[in-house]
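Subject: Structure for you to look at

Hello,

Here is the structure I promised to pass on. Please open it and keep it beside you while you read.

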Amino acid sequence: MLVFIDEAGDTGRKIKQGSSEYFVVAMVLFQDHEEANACDQRINLLKRELKLSSDYEFYFSNNSNKIKLEFLKAVQPYQFVYFAIAINKNPKKLWGPGFTTKESFYKYACQMIFTNASPYLIQAIVILDKLGSPDFRNKLAKYLREKINKNGERKIKKIKQQKSSSNNLIQLADYICGIVNRKISKRKDWKDYYKFINSKEILLQIWPK
(Lines give C-alpha, C1' and ligand atoms only; values in the text may rest on other atoms or scores of the structure.)
Protein backbone atom coordinates (compact mmCIF):
# COMPACT_ATOMS: atom_id res chain seq x y z
CA MET A 1 0.00 0.00 0.00
CA LEU A 2 1.28 3.43 -0.99
CA VAL A 3 0.01 6.69 0.46
CA PHE A 4 0.77 10.20 -0.83
CA ILE A 5 0.11 13.40 1.11
CA ASP A 6 0.04 17.03 0.04
CA GLU A 7 -1.49 20.29 1.25
CA ALA A 8 -3.02 23.45 -0.17
CA GLY A 9 -3.55 26.89 1.27
CA ASP A 10 -1.48 28.42 4.01
CA THR A 11 -1.45 28.35 7.79
CA GLY A 12 -1.78 32.12 8.22
CA ARG A 13 -4.72 33.33 10.31
CA LYS A 14 -5.14 36.82 8.82
CA ILE A 15 -7.79 35.93 6.26
CA LYS A 16 -8.78 39.55 5.62
CA GLN A 17 -5.14 40.31 4.79
CA GLY A 18 -4.86 37.58 2.17
CA SER A 19 -4.45 34.29 4.03
CA SER A 20 -6.45 31.38 2.64
CA GLU A 21 -9.79 30.60 4.24
CA TYR A 22 -8.97 26.89 4.51
CA PHE A 23 -5.90 24.74 5.02
CA VAL A 24 -6.46 21.52 3.06
CA VAL A 25 -4.58 18.24 3.36
CA ALA A 26 -5.27 15.32 1.01
CA MET A 27 -4.24 11.68 1.20
CA VAL A 28 -4.18 9.57 -1.97
CA LEU A 29 -4.12 5.84 -1.30
CA PHE A 30 -3.14 3.08 -3.74
CA GLN A 31 -3.76 -0.45 -2.51
CA ASP A 32 -1.54 -1.88 -5.23
CA HIS A 33 2.04 -0.82 -5.96
CA GLU A 34 1.76 -1.81 -9.61
CA GLU A 35 -1.31 0.39 -10.02
CA ALA A 36 0.58 3.31 -8.47
CA ASN A 37 3.50 2.72 -10.82
CA ALA A 38 1.15 2.58 -13.81
CA CYS A 39 -0.45 5.89 -12.82
CA ASP A 40 2.99 7.41 -12.32
CA GLN A 41 4.05 6.27 -15.82
CA ARG A 42 0.83 7.62 -17.31
CA ILE A 43 1.62 11.06 -15.86
CA ASN A 44 5.10 10.87 -17.41
CA LEU A 45 3.52 10.02 -20.76
CA LEU A 46 1.14 12.96 -20.41
CA LYS A 47 4.11 15.30 -20.12
CA ARG A 48 5.34 14.07 -23.49
CA GLU A 49 1.87 14.32 -25.02
CA LEU A 50 1.59 17.93 -23.87
CA LYS A 51 5.17 18.64 -24.99
CA LEU A 52 6.27 19.48 -21.45
CA SER A 53 9.72 18.85 -20.01
CA SER A 54 10.32 15.54 -18.23
CA ASP A 55 10.80 17.39 -14.93
CA TYR A 56 7.63 19.48 -15.31
CA GLU A 57 5.59 19.71 -12.08
CA PHE A 58 1.81 19.55 -12.36
CA TYR A 59 0.54 22.12 -9.87
CA PHE A 60 -3.20 22.69 -9.73
CA SER A 61 -3.27 26.35 -8.77
CA ASN A 62 -0.79 27.30 -11.54
CA ASN A 63 -1.97 25.04 -14.36
CA SER A 64 -4.21 26.21 -17.18
CA ASN A 65 -7.72 24.80 -17.47
CA LYS A 66 -6.58 22.67 -20.42
CA ILE A 67 -3.73 21.09 -18.49
CA LYS A 68 -5.97 20.49 -15.46
CA LEU A 69 -8.53 18.63 -17.54
CA GLU A 70 -5.90 16.60 -19.42
CA PHE A 71 -4.27 15.59 -16.13
CA LEU A 72 -7.58 14.53 -14.59
CA LYS A 73 -8.59 12.55 -17.68
CA ALA A 74 -5.23 10.78 -17.58
CA VAL A 75 -5.39 9.70 -13.93
CA GLN A 76 -9.12 8.95 -13.66
CA PRO A 77 -8.94 5.31 -14.89
CA TYR A 78 -6.52 4.27 -12.13
CA GLN A 79 -7.61 2.60 -8.93
CA PHE A 80 -6.99 4.94 -6.01
CA VAL A 81 -9.06 6.57 -3.29
CA TYR A 82 -8.57 9.71 -1.26
CA PHE A 83 -9.29 11.31 2.07
CA ALA A 84 -9.21 15.06 2.64
CA ILE A 85 -9.51 17.43 5.54
CA ALA A 86 -10.19 21.15 5.23
CA ILE A 87 -9.45 23.17 8.34
CA ASN A 88 -11.54 26.33 8.54
CA LYS A 89 -9.18 29.04 9.79
CA ASN A 90 -11.89 31.48 10.83
CA PRO A 91 -10.50 32.92 14.11
CA LYS A 92 -13.96 32.62 15.67
CA LYS A 93 -13.88 28.84 15.10
CA LEU A 94 -10.22 27.90 15.37
CA TRP A 95 -7.95 28.69 18.28
CA GLY A 96 -5.28 27.11 20.43
CA PRO A 97 -1.46 26.96 20.55
CA GLY A 98 -1.31 24.08 18.08
CA PHE A 99 -2.26 26.40 15.23
CA THR A 100 0.30 29.14 15.80
CA THR A 101 3.08 27.78 13.55
CA LYS A 102 3.10 26.07 10.16
CA GLU A 103 4.81 22.98 11.49
CA SER A 104 2.44 22.40 14.43
CA PHE A 105 -0.56 23.20 12.20
CA TYR A 106 0.62 20.70 9.58
CA LYS A 107 1.33 18.03 12.19
CA TYR A 108 -2.16 18.36 13.64
CA ALA A 109 -3.81 18.23 10.21
CA CYS A 110 -1.82 15.10 9.31
CA GLN A 111 -2.82 13.44 12.56
CA MET A 112 -6.50 14.13 11.77
CA ILE A 113 -6.39 12.74 8.24
CA PHE A 114 -4.42 9.64 9.30
CA THR A 115 -6.94 9.01 12.08
CA ASN A 116 -9.78 9.20 9.54
CA ALA A 117 -7.98 6.83 7.17
CA SER A 118 -6.75 4.45 9.87
CA PRO A 119 -9.31 1.66 9.15
CA TYR A 120 -8.01 1.51 5.56
CA LEU A 121 -4.27 1.50 6.32
CA ILE A 122 -2.33 -1.76 6.21
CA GLN A 123 1.48 -1.69 6.26
CA ALA A 124 1.37 1.62 4.41
CA ILE A 125 4.43 3.25 2.91
CA VAL A 126 3.70 6.95 3.30
CA ILE A 127 5.27 9.64 1.10
CA LEU A 128 4.83 13.19 2.38
CA ASP A 129 5.60 16.42 0.59
CA LYS A 130 8.98 17.47 1.92
CA LEU A 131 8.85 20.53 4.15
CA GLY A 132 10.49 21.91 7.25
CA SER A 133 13.82 21.00 8.78
CA PRO A 134 15.18 17.43 9.02
CA ASP A 135 14.49 17.59 12.76
CA PHE A 136 10.83 18.46 12.14
CA ARG A 137 10.48 15.68 9.56
CA ASN A 138 11.87 13.13 12.00
CA LYS A 139 9.55 14.34 14.76
CA LEU A 140 6.57 14.26 12.41
CA ALA A 141 7.28 10.67 11.37
CA LYS A 142 7.65 9.59 15.00
CA TYR A 143 4.49 11.48 15.98
CA LEU A 144 2.37 9.83 13.27
CA ARG A 145 3.64 6.34 14.01
CA GLU A 146 2.88 6.78 17.72
CA LYS A 147 -0.62 8.11 17.00
CA ILE A 148 -1.62 5.54 14.38
CA ASN A 149 0.36 2.35 15.12
CA LYS A 150 -1.50 1.30 18.25
CA ASN A 151 -2.42 -2.01 19.87
CA GLY A 152 0.26 -3.87 17.95
CA GLU A 153 -1.13 -2.82 14.57
CA ARG A 154 1.47 -1.63 12.07
CA LYS A 155 -0.78 0.53 9.92
CA ILE A 156 2.18 2.69 8.91
CA LYS A 157 5.21 0.68 7.78
CA LYS A 158 7.46 3.52 6.67
CA ILE A 159 7.32 7.30 6.24
CA LYS A 160 9.33 9.09 3.57
CA GLN A 161 9.45 12.71 2.49
CA GLN A 162 10.11 13.76 -1.10
CA LYS A 163 9.87 17.00 -2.99
CA SER A 164 6.62 17.27 -4.92
CA SER A 165 8.58 18.39 -7.99
CA SER A 166 10.11 14.92 -8.27
CA ASN A 167 7.07 12.79 -7.41
CA ASN A 168 4.11 12.60 -9.81
CA LEU A 169 1.82 11.04 -7.23
CA ILE A 170 2.37 13.82 -4.71
CA GLN A 171 1.35 16.07 -7.59
CA LEU A 172 -1.83 13.98 -7.86
CA ALA A 173 -2.44 14.68 -4.16
CA ASP A 174 -1.92 18.38 -4.91
CA TYR A 175 -4.66 18.17 -7.54
CA ILE A 176 -7.01 16.58 -5.02
CA CYS A 177 -6.24 19.41 -2.58
CA GLY A 178 -6.90 22.05 -5.23
CA ILE A 179 -10.21 20.55 -6.30
CA VAL A 180 -11.40 20.07 -2.71
CA ASN A 181 -10.48 23.66 -1.93
CA ARG A 182 -12.47 24.82 -4.97
CA LYS A 183 -15.47 22.73 -3.94
CA ILE A 184 -15.70 23.91 -0.34
CA SER A 185 -15.04 27.51 -1.40
CA LYS A 186 -17.95 27.15 -3.87
CA ARG A 187 -15.96 28.34 -6.85
CA LYS A 188 -18.20 28.37 -9.92
CA ASP A 189 -16.13 25.82 -11.86
CA TRP A 190 -15.57 23.27 -9.08
CA LYS A 191 -17.89 20.68 -10.65
CA ASP A 192 -15.83 20.72 -13.88
CA TYR A 193 -12.96 19.14 -11.94
CA TYR A 194 -14.71 17.34 -9.11
CA LYS A 195 -16.58 15.02 -11.51
CA PHE A 196 -13.26 13.28 -12.27
CA ILE A 197 -12.58 12.37 -8.62
CA ASN A 198 -15.91 12.24 -6.80
CA SER A 199 -16.18 8.44 -7.08
CA LYS A 200 -12.75 8.09 -5.44
CA GLU A 201 -13.64 10.12 -2.35
CA ILE A 202 -13.86 8.15 0.90
CA LEU A 203 -14.15 11.09 3.28
CA LEU A 204 -13.97 14.87 3.09
CA GLN A 205 -14.00 16.43 6.54
CA ILE A 206 -14.48 20.15 7.06
CA TRP A 207 -13.37 21.13 10.55
CA PRO A 208 -14.37 22.87 12.72
CA LYS A 209 -17.96 23.23 11.57
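Below is what was found, element by element.

One caution first: this is a predicted model.

Helix 1

Start with helix 1, residues 33-49. It has 17 residues. From first C-alpha to last, helix 1 reaches 24 Å, close to the 24 Å expected at 1.5 Å a residue.

Which residues of helix 1 are buried? They are Ala 36, Cys 39, Ile 43, Leu 46 and Lys 47. These residues sit on the same side of helix 1, because they cover an arc of only 105° around the axis. Look at the other side of helix 1 and you will find Glu 34, Gln 41 and Arg 48, which are exposed.

What covers the buried residues of helix 1? The cover includes two strands, strand 1 (2-8) and strand 2 (22-30). It also includes helix 2 (65-75) and helix 5 (168-184). Those two helices each supply a residue worth a look.

Helix 2: Ile 67

Ile 67 is in helix 2. Its relative accessibility is 16%, so Ile 67 counts as buried, the cut-off being under 20%. Leaving out residues up to four places away in sequence, Ile 67 touches Leu 50, Tyr 56, Phe 58 and Tyr 175. Compare its position with Leu 46, one of the buried residues of helix 1. Ile 67 and Leu 46 are 21 residues apart in sequence. In space they are 9.7 Å apart, C-alpha to C-alpha.

Helix 5: Gln 171

Gln 171 belongs to helix 5. Is Gln 171 buried or exposed? It is buried, with a relative accessible area of 1%.

Helix 3

Helix 3 covers residues 102-117, which makes 16 residues. It reaches 22 Å from its first C-alpha to its last, close to the 22 Å expected. Its buried residues include Phe 105, Tyr 106, Phe 114 and Ala 117. The run from Ala 109 through Cys 110, Gln 111 and Met 112 to Ile 113 is buried too.

The surface

Finally, turn to the outside. Tyr 120, Ile 202 and Leu 203 form a nonpolar patch on the surface. Together they have about 230 Å² of accessible area. Leu 203 lies in strand 6, residues 201-207. At 33% relative accessibility, Leu 203 counts as partly exposed.

Best wishes

Notes
Residues are numbered from 1 along each chain as its sequence is written. This is a predicted model: local features need pLDDT of at least 70, side-chain atom pairs count only at pLDDT 80 or more; totals for chains, interfaces and linings use all residues. Side-chain values use heavy atoms; hydrogens and water are left out. Patches are made of residues with over 30% relative accessible area and no salt bridge: like charges are joined within 9 Å, nonpolar side chains (Val, Leu, Ile, Met, Phe, Trp, Tyr) within 5 Å. Accessible areas come from the Shrake-Rupley method with a 1.4 Å probe; for residues, only the protein chains shown count as cover. A salt bridge is a side-chain nitrogen of Lys or Arg within 4 Å of a carboxyl oxygen of Asp or Glu. Helices (H or I, at least four residues) and strands (E, at least two) are DSSP runs, numbered from the N terminus. Buried means under 20% relative accessible area, exposed over 50%, partly exposed in between (1.4 Å probe, protein chains only). The expected span of a helix is 1.5 Å times one less than its number of residues. The arc is that of the directions from the helix axis to the C-beta atoms. Contact means heavy atoms within 4.5 Å.
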